[in-house]
Protein chains: 2
Amino acid sequence: MALVVQKYGGTSVGTVERVKAVAQRVAKTKAEGNDLVVVVSAMGDTTDKLLELAYQTARRPSLRELDQLLATGEEQAVALVAMALEDLGLPALSLSGAQAGIRTIGRYGKARISQIRTERVRRALSAGQVVIIAGFQGVNRLSDVTTLGRGGSDTTAVAMAAALRADRCEIYTDVDGVYTADPRLVPEAAKLERISYEEMTELAWRGTKVLHPRAVELGKLYNMEIIVRSSFNDNPGTIITKVDSMEKINTISGIAYDLDVARITIAGVRMQPDSLHQIFGPLAVAEVSVDVIVESRGENLRSDVSFTISEKELPHVLPIVEKAAATIGAGGISSQGNLAKVSIIGTGMQNRPGYAAKMFKSLAMAGISIEMVTTSEIQVTCVIAKDRVQEAVRRLHKDFGLEKGR
Amino acid sequence: MALVVQKYGGTSVGTVERVKAVAQRVAKTKAEGNDLVVVVSAMGDTTDKLLELAYQTARRPSLRELDQLLATGEEQAVALVAMALEDLGLPALSLSGAQAGIRTIGRYGKARISQIRTERVRRALSAGQVVIIAGFQGVNRLSDVTTLGRGGSDTTAVAMAAALRADRCEIYTDVDGVYTADPRLVPEAAKLERISYEEMTELAWRGTKVLHPRAVELGKLYNMEIIVRSSFNDNPGTIITKVDSMEKINTISGIAYDLDVARITIAGVRMQPDSLHQIFGPLAVAEVSVDVIVESRGENLRSDVSFTISEKELPHVLPIVEKAAATIGAGGISSQGNLAKVSIIGTGMQNRPGYAAKMFKSLAMAGISIEMVTTSEIQVTCVIAKDRVQEAVRRLHKDFGLEKGR
């Protein structure tokens, strides 16, 4: 008897009918002789509606109270899924994050799982119950509900699978799996049968929404295979697993993009050993994700420092940067929105600079200006104008020959 | 500095605007120098909507999962009230029943509070926070959420006030207080300034919806004064307290009615010592509230046994009664709906049979047939046809001279 962890996202439980469909799928997996833990997100747009209520009630709701509020969305969903299963004659038990033993540390709204006490879940499984666990949440040492931030339910599923030493972890979503590029932009995009943790992590960080990078990293850490597939059909999906065989190493696996990009430039920074720390330290404290960082040395030992952040966070981030810039006596600050990142990703590009050059050429041939560049062992990311993204992704997909898969 | 517990019902927090109004009222009480614990019900029709979702999802949702689901309604409300308070600059902390230390025993959906561990609440109060507690819920020894059934939030408020030895407990609702009769039926009904626990308990059991009888009984047990008042104005409300002074004892305090009444009659019951136990034992096990019980001795040592139950429960109760009747070899069962109970209540009637006679005369003069009667020390209840209730209540209110208050 195998132990399977399945995760269903908000779209998959968006209506009562879909909740029932999820129950049918769970029942089928159970009937195949598996023990089953099911992680569920809040139904459809529940979380957005709760956020709306919160911001109607208070100008700046505290993160603790937001977490108390938002967690109810998943708690409702698990109770309904459990009811639907019981209605099919399957013993089921819904658990909140706290009840499922999910302990967290860190800030409200961005908590991290520190430990999972699996006793209750194991007891229920032994009793033959299907266990339905609220995704996206846990409880801290104050017994306060904490949410795990974006991608939280994926993280719950993989963490729970790892803690239970499950045989597999299946992420059900509204797409068939992981594609070489967003099929909405690139009709000829091909579904990947398998992809490595490393590549999937980069795709996810670079904008592919199928699975959150935290969950992928957790899968890699605990060597837990993750299967991404659709909750609306029986197509096989994509397996995220250890690095692929040698033969396939000489390829890239996909193209990702991110439309939520703004650039901040601090001009005339006198470069001293701690200058960059003085700029980026306060941003780290405020938990702002900074991505592409470029420093260009100018005259008189002064440099321009540019970096990208989420465009949504711009109003919140600018005052922090202004204060830091004043502290180090920098020249001035400018910011630019309406940018995007386009990335090529693949373990195949390790130590092969040709991939970056090929990407630059591809974009140049399309007349797309590259504003900033960042590279790592397995990805090259270019910052470009937001309105050129579709063209860029299509062109790169074609030039790298991805229409045949990898 | 006084410690005040306030409870706001679903109507009082029915919209974002009302949540803000509640926050204003709480802030005012706090500004008067009080420590404050606020118990809140689910917003408006949230509970009904969740029930609807549950019954769309499953034909017969389990009580455990229903409790998991319903509890989220109050949990959302407390987070929003806390946010609204923080928005006014008041430190606030929302707590679920579990977080507030409310332990329960008994069945899901009908749990009773067994203990309140007040450490966390006291700590928050000491830190100057207004504590907002989800009404209607607690947690059992399995760490499962349990709901307290009808009137649960009132019970939470009074129990919390008792556990904290609060100086007063205020129940905010959509009416100004307790009236001599329902003002919607009797325009000249007068608001009571004070009423005894005993009278309020009877009024509540007999259909006055202002406050749940469990909460009143808890108030009596712990000698906690309860003030019922409107959340929409500043009128003084009604104080529920120890028995009134001697001078006022010779009066009745109010008239209550209940429109949800059905009668079941078991004919030809051979009366043996355990006959009634055989009938009512299974009903008690099924937690059916049985009210007016009348046994009338017929021929051959056989009796007709009649009693009233909630009309809503009739389909659920009839099979239980049929089984019991068959066991004791009774003659047959009949049932009748569309009944109502009308009650006069007052400590003034203790040992004064004249009140019952006056009530029967009053109803007779109006041509209203009395189907069944039950009396206790402080109330007389008549079962009549549902469509005569308004007339009966008005007539009794007038004949007992209640338009001047008590």
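In strand 9 of chain B, B:Tyr172 is the bridge partner of B:Tyr8. This is a predicted model, in which local features need pLDDT of at least 70 and side-chain atom pairs count only at pLDDT 80 or more, whereas totals for chains, interfaces and linings use all residues. Residues are numbered from 1 along each chain as its sequence is written, chains are lettered from A in the order in which they are written, and side-chain values use heavy atoms, with hydrogens and water left out.

**Sheet of chain B**

- Strand 1 (residues 3–8) and strand 9 (residues 168–173) of chain B run parallel and are joined by five bridges, strands being DSSP runs of E of at least two residues.
- Chain B has an open sheet of eight strands in the order 3-6-2-1-9-11-12-10, with mixed pairing, where two strands pair if DSSP finds at least two bridges between them.
- Its edge strands, each pairing on one side only, are strand 3 (92–95) and strand 10 (194–196) of chain B.

**Contact between chains A and B**

- Chain A and chain B each give 39 residues to the contact, which is defined by heavy atoms within 4.5 Å.
- About 3,200 Å² is buried between chain A and chain B, 52% of it on carbon and sulfur atoms; this is the accessible area (1.4 Å probe) that the two parts lose on being put together, summed over both.
- A:Thr57, A:Glu65 and A:Met83 supply 20% of the area that chain A buries against chain B, more than any other three residues.

**Salt bridges**

- Four salt bridges are counted between chain A and chain B, each a side-chain nitrogen of Lys or Arg within 4 Å of a carboxyl oxygen of Asp or Glu.
- A salt bridge joins the side chains of A:Arg59 and B:Asp87 (3.1 Å, N to O).

How values were computed. Helix = DSSP H or I, 4+ residues; strand = E, 2+ residues; numbered from the N terminus.
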